[in-house]
Amino acid sequence: MAPALLSTLATEIIIPVCAVIGIIFSLLQWFLVSRVKLTPDRNGPPSNNGKNGYDDYLIEEEGVNDHNVVIKCAEIQNAISEGATSFLFTEYQYVGIFMVVFAVLIFLFLGSVEGFSTKSQKCTYDVSMMCKPALATAAFSTIAFLLGAITSIISGFLGMKIATYANARTTLEARKGVGKAFVTAFRSGAVMGFLLAANGLLVLYIAINVFKLYYGDDWEGLFEAITGYGLGGSSMALFGRVGGGIYTKAADVGADLVGKVERNIPEDDPRNPAVIADNVGDNVGDIAGMGSDLFGSYAESSCAALVVASISSFGIEHNFTAMCYPLLVSSIGILVCLITTLFATDFFEIKVVDEIQSALKKQLIISTVLMTIGIAIVSFIALPTSFTIFNFGVQKVVYNWQLFLCVCVGLWAGLIIGFVTEYYTSNAYSPVQDVADSCRTGAATNVIFGLALGYKSVIIPIFAIAISIFVSFSFAAMYGIAVAALGMLSTIATGLAIDAYGPISDNAGGIAEMAGMSHRIRERTDALDAAGNTTAAIGKGFAIGSAALVSLALFGAFVSRAGIEKVDVLTPKVFIGLIVGAMLPYWFSAMTMKSVGSAALKMVEEVRRQFNTIPGLMEGLAKPDYTTCVKISTDASIKEMIPPGALVMLTPLIVGTFFGVETLSGVLAGALVSGVQVAISASNTGGAWDNAKKYIEAGASEHARTLGPKGSEPHKAAVIGDTIGDPLKDTSGPSLNILIKLMAVESLVFAPFFAAHGGLLFKL
């Protein structure tokens, strides 16, 4: 077995250096965004400078010196930022209490495995060796859990801060042309993408090295404790996604139903009392929630790969470079995404609206192609030519080129899922145009067509996931699946930049409307937003696809750790788990959908009350009471996020403790299989309805003009479809991928306890 070319010292330098480069790059992007001033320029028109000379008629500058507009934009941005910050602080107070309670639970459950003994114990996989006591694993798992949770919270919070900082700046840049606005929105997304990818990598790397000081050569115990990091990341993401999702959709549904359908006023009209709450929601749900979610996926796929590697030849022979293969892949990912980002912001310039969508699409293609080269380099310099991987009790011989293919399969499956999602949710293609056309005969046919589209959109992504599972498992067992998931997430910085770009553009459009800017500027922000809607759907596709692979890898690690010989579906213990697990995504979706519905009900009543009781509101003579609507959304989401969160967090604990590891393995498999399908169809149905509405509103084609304009019967039917789709695509769908990952990683963390003391009911 030839050793790896990369030395341990080189590995120890490369990983933190790449992370630091990522952080520096994100700060540079932030600096460039901050150069767009939110204070009026008193010195008259700008001189003809920059590469697209500002005086060029094609750019069609508008109102660049309208001082009132700039001041108004700054005020609106301030209101959105304050609303988002106060909501997140309230949410984090509740989540903080949960975090402390759950950390204590982890310590008590894992500490009790050996009766809180401080004596060394025999290793789980190699009985001839002695490993650190279970109490140490309990303590370090708890620390890793808290680290993951705090990193997740910081990732979400920073993302939200960047987005609320950039939204008004994007609006102001839209006066100079669509290209300028695009660059500002994209750069802001990149700040979040790179900060998150680099922070996640750096904290994990530091944690491994600090834990190593205590664990020494006991890598089995070390990486078992590190799994707490993934659990912390995902448990915070669950509350961020559910809480943020309920907030944003309660406001959105309330604003749309009363504003557009009943009062016939435009979207984001300042007369609508729910408009600020709606814009705040974009930031807390789509940005903070998405950030925490993808961080959780990244942390878990890294942890799953490390756990399996620690009991394979990498861990047994203490080969640190090969052990850090997942982290090296992520490090190269940051450098690849950095180059890719420059293509969008510096190398090419967007001059017309039609180029926006293709520029974002190119980001995905460029990052995937470059990443393939990057993975090849890492695989051949960081891995020995052949090595063994733990495969349910036996060691399987694997070659470095096989591992390279495993990562690539995940990477390219992600791209396929992204493109299929785009095909089904972008209004440039026939599926969404068919949904728009069905609005001719009212809302009912629109709903039927939209649901059918969502179900159909599941087919190709599931085949892509199935093929990547088969290929990666055949080559490198469960480790192959874990690195395939990591491959899908290796371009996370670009994926997040594209994803965060959407809500920033959406906010920019809202601010343009509220600040009373011209119709032409609103058209530009709408074009940015329509592209952003599709990219948000692509981002959700990535998140769901990677969640399926991650949870399968974690499931494999759990089965090994819990000492289950085989998971036999024909045994009643497993089958009851399977059928109950398959039901969980429906129970969870029911909770989140109903939460949005009841919160939206309160919002609709409040918006109606204000329109009916505030004199002069419809005429624009009086100001609505925005703060009451913000409070309704905040209170509802904090109250309603607890039951779905409890369902996900308590299920593995209850099943494992009372029914044992075999039933729990059934529950995990069932939830994975049904959750992926429900999540993809929900996200794509909602995305298609949203873009069908935008297709009619834009009236860009002859077909669209026959369905419009705004306020026509087909348009009203499209708005109803969009409103139904809102909780599907922004609350239930995206939260489901956290459900399947979180239950798997939680089962893995608690596996030692379940193996020792679980199945109480069957022992009676």
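Reader: How are H5 and H17 set to each other, oblique or roughly parallel?

Author: This is a predicted model. In it, H5 and H17 are oblique to each other, because their axes cross at roughly 40° and angles under 35 degrees would be needed for roughly parallel.

Reader: Within what distance do the axes come?

Author: The axes of H5 (residues 219–262) and H17 (residues 572–613) come within 8 Å. The crossing is right-handed.

Reader: Which residues meet there?

Author: On H5, they include Leu238, Val242, Gly245, Ile246 and Lys249. On H17, Phe588, Thr592, Ser595 and Val596 are among them. By class, the contact has 16 nonpolar, 4 polar and 3 charged residues.

Reader: Now H15 and H16. At what angle do they cross?

Author: At roughly 150°, with the axes coming within 7 Å. That angle makes H15 roughly antiparallel to H16, since the cut-off for that label is over 145 degrees.

Reader: Left-handed or right-handed?

Author: The crossing of H15 and H16 is left-handed.

Reader: What is the contact made of, by class?

Author: It has 8 nonpolar, 8 polar and 6 charged residues. H15 contributes Asp499, Asp506 and Glu513, among others. From H16 come residues including Arg522, Asp529 and Lys540. Glycines take part too, including Gly502, Gly509 and Gly510 of H15 and Gly532 and Gly539 of H16.

Reader: Where does Ser490 lie?

Author: Ser490 lies in the loop between H14 (459–489) and H15.

Reader: Is that serine buried or exposed?

Author: Ser490 is buried, because its relative accessible area is 4% and buried means under 20%.

Reader: What is Ser490 in contact with, leaving aside its neighbours within four places in sequence?

Author: Val329, Gly333, Cys337, Met371 and Leu411.

Reader: Changing topic: which members of the largest nonpolar core touch the most others?

Author: That core has 231 residues, and Phe182, Tyr325, Ile356, Tyr479 and Phe558 touch the most other members. Its largest share, 20 residues, comes from helix H4 (residues 178–215).

Reader: Which residues is Tyr325 in contact with, neighbours within four places aside?

Author: Tyr325 is in contact with Ile375, Val378, Ser379, Leu383, Leu403, Phe404, Val407, Tyr479 and Val483. One of these, Tyr479, is also on the list of core members that touch the most others.

Reader: And what lies apart from that core?

Author: Another core, of 18 residues, lies apart from the largest one. Cys439, Ala682, Trp689 and Ile696 are among its members.

Methods. Residues are numbered from 1 along each chain as its sequence is written. This is a predicted model: local features need pLDDT of at least 70, side-chain atom pairs count only at pLDDT 80 or more; totals for chains, interfaces and linings use all residues. Side-chain values use heavy atoms; hydrogens and water are left out. A nonpolar core is a set of buried Ala, Val, Leu, Ile, Met, Phe, Trp, Tyr and Cys residues joined through side-chain atoms within 4.5 Å. Buried means under 20% relative accessible area, exposed over 50%, partly exposed in between (1.4 Å probe, protein chains only). Helices (H or I, at least four residues) and strands (E, at least two) are DSSP runs, numbered from the N terminus. Contact means heavy atoms within 4.5 Å. Axes are lines fitted to C-alpha atoms, for helices over the stretch in contact, and angles run from 0 to 180 degrees between N-to-C directions. Angles under 35 degrees count as roughly parallel, over 145 as roughly antiparallel, 65 to 115 as roughly perpendicular and the rest as oblique. A crossing is left-handed if the near helix is turned anticlockwise from the far one by less than a right angle, and right-handed if clockwise. Ala, Val, Leu, Ile, Met, Phe, Trp, Tyr, Cys and Pro count as nonpolar, Asp, Glu, Lys and Arg as charged, and the others, Gly among them, as polar.
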